[in-house]
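Here is a short briefing on the structure shown below. It is meant to be read with the coordinates open.

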Amino acid sequence: MTDQAKQSKTFPRLQNVGLDGLLITFAERLSDGANRAALAFRGRVEAADIEGITETTTSLASTFVLFDPLKSDLDHIRAQLLALLDGTDWADVPLPQGRRLWRVPAAFGGTRGPQLDEAAKLAGIDRDRAIEEMTSTRVRVLTIGFAPGQPYLGTLPPHWNIPRQSGLTKQVPTGAIAVAIRQLVLFTASTPTGWRMIGQTAFRGFRPDQDAPFTLGVGDEILFAPISEQELTEIENTDQTGLGGATSEVIT
Amino acid sequence: MTAALIVRRAGPAMTVQDLGRKGQLVYGLAAGGAADRVALAEGAALLGQSLGLAAIEMAGMGGEFEATQDIRIALTGAPMKADLDGATVVWNASYLMAAGQRLTLGAARSGNYGYLHVGGGIDSKPFLASRAAHLTAGIGKLIQSGDHLPVGTDPLLDQTGNVLIPQDRFSGGTVTVLPSVHTAHFPEDVRARFEATAFERTPRGNRQGAELAFEGPPFSTGEQLTILSECMTVGDIQMTGDGQPFVLLPECQTVGGYPRIGTVTPGDFAKVAQATPGTPLRFEFVTHEQALAAHRPLETLRADMARSVQPLIRDPHRMHDLLSYQLISGAITGWDHIED
């Protein structure tokens with residue numbers, strides 16, 4: 001075994017992953033700050049353009065760096081990353097430039113959000129208040145995963161720290177919005193889930209027929225614009241782009 | 001007109017594969033690509049072409065193929081019963097397949113993934129710089145009977161009749177592993193037991209992951225349910241909720257919440273991908289330095305294999321005629337012996 005067996009409890013923590021990976025973890029638990037740190041540090045690593053680094057990504061609270069172990073040795077990459085970390089509180093560093101704010105039409109409740117009432121109750125508020133919060137809170141793409149282009153959005157106010165269901169919903173449709181643990185998922189494919197479905201959009205995070213098939217980038221923000229079920233049906237019937245009526249602008 | 005490979009009969013799990021698409025992890029898409037990269041290097045060496053060209057990956061079972069024009073073919077990976085218009089074809093070799101000839105590939109005799117390479121590569125439309133199907137992500141599709149697969153331009157049409165000795169990866173054995181994201185979460189005695197345990201592949205698995213069976217208590221971190229979802233990497237050995245190990249294959253998710261005790265080194269990855277039910281596997285942690293010293297990038301592997309390629313018979317131009325004679329069968333048996 002290597003010295004990595006004795007894992008440090010201090011953060012940020014740098015650890016080797018396989019032959020060509022390094023993971024920089026900012027916290028053991030998800031917090032808004034830990035996610036901001038992961039996004040900001042990834043931006044810093046990308047900007048530093050370190051020889052031998054081939055790819056970077058983020059999870060909820062970590063930055064993941066892949067490198068070519070034959071072009072640049074592990075110790076060298078580690079040293080460069082440690083130098084970049086440099087005692088900075090990465091949660092306070094501004095997020096990278098070029099992120100977009102998306103305004104995404106969404107219908108909440110009813111047949112488009114069958115578990116809205118149940119979720120609102122768990123959050124200790126009524127359904128109108130829940131819709132009001134969901135359509136006035138700018139949520140950030142914390143990470144993209146589990147399916148291509150599928151965003152995990154957050155973080156919602158603390159009362160939305162509601163658990164997943166003990167059972168699975170057999171199938172939620174593409175475009176569904178589901179909630180748990182202060183996060184929303186905007187599903188890019190029809191799938192079973194333990195998260196409660198509270199709304200739906202005609203927004204597609206993965207559009208394989210497009211040259212740029214991934215609609216969102218990590219760190220982008222979404223503001224849901226409330227529409228009726230009928231309006232959503234109209235968008236679904238007419239939208240050719242997969243954006244589902246969404247518009248976006250660069251966050252400045 | 002460009003050549004096409006006509007699929008007269010498709011096996012149940014055939015896809016176009018290459019080295020996959022890098023740079024998409026941040027969008028939730030793993031690189032994907034061929035389950036057995038060594039087979040891609042062998043095919044490229046046999047046909048004297050680039051490692052990046054696409055081939056047909058056949059899981060468990062081949063199919064029947066015909067070409068619209070003369071093309072070169074090579075067969076690598078899991079060896080399957082193979083014939084060209086009824087004449088036996090040897091695995092790990094290249095041939096000229098004349099227009100109208102019928103190539104018939106049967107079930108895998110060992111291993112899981114066999115590969116049919118064509119001179120010039122399969123020239124289907126790339127998506128994000130790769131032709132690889134990634135079915136779990138909704139990219140590409142299974143090859144179907146009746147498909148016409150475009151074949152790229154082949155400048156080396158006269159170079160056929162070569163054979164190579166494949167890298168042995170079909171009988172399991174010791175697989176070296178490096179620490180992964182959660183290795184330190186597993187107590188030392190659990191890691192020691194992991195290294196001392198005999199595993200074997202179960203029938204459960206696909207291009208996302210391969211399940212392993214073993215005897216003994218589950219391999220647990222003791223904090224299984226509280227781990228935050230974290231980045232995954234191909235080769236990670238994941239312990240699911242009940243402590244059942246899965247090795248993650250090229251179509252794995254990019255993040256996951258189950259703890260991973262280690263990750264298979266790139267050089268031993270094909271051993272796991274090609275392990276069939278019952279194939280014994282053992283895991284051994286190595287240091288980064290040891291793994292790096294043993295690491296042979298695919299391009300090096302391809303170049304070394306290209307140098308060791310041998311003529312299948314003395315006169316490749318007469319190969320087709322010769323194949324109808326019994327005198328070749330001795331040589332075929334010889335190669336079978338090497339493969340097994």
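Predicted model: local features only at pLDDT ≥ 70, side-chain atom pairs only at ≥ 80, totals over all residues.

In it, 38 residues of chain A are in contact with 38 residues of chain B. Chain B is divided into two parts, domain 1 (4-164 + 309-339) and domain 2 (173-294).

**Chain A against chain B**
- On the chain A side, the elements that give two or more residues are strand 1 (13-17), strand 2 (21-25), strand 3 (53-58), strand 4 (62-67) and strand 6 (139-144).
- Strand 3 of chain A gives the largest share of that side, four residues.
- By class, the side of chain A that touches chain B has 20 nonpolar, 15 polar and three charged residues.

**Helix 3 of chain A**
- Helix 3 of chain A spans residues 116-123, and Leu116(A), Ala119(A), Ala120(A) and Ala123(A) are buried there.
- These buried residues line one face of the helix, because they fall within an arc of 100 degrees when seen down its axis.
- An α-helix has 3.6 residues a turn, so residues three or four places apart point the same way.
- The packing partners of the buried residues of helix 3 are strand 5 (100-108), helix 4 (127-134), strand 9 (176-180) and strand 12 (196-200) of chain A.

**Domains of chain B**
- The C-alpha centres of domain 1 and domain 2 of chain B lie 30 Å apart.
- Contact between these domains of chain B involves 19 residues of domain 1 and 12 residues of domain 2.
- The side of domain 1 that touches domain 2 in chain B has eight nonpolar, nine polar and two charged residues.

Technical notes:
Residues numbered from 1 in each chain as written. Chains lettered and ligands numbered in written order. Buried ≥ 20, exposed ≤ 12 C-beta atoms within 10 Å, placed from the backbone. Arc of directions from axis to C-beta. Contact = placed C-beta atoms within 7 Å. Domains from an automatic or database assignment. Nonpolar A, V, L, I, M, F, W, Y, C, P; charged D, E, K, R; others polar.
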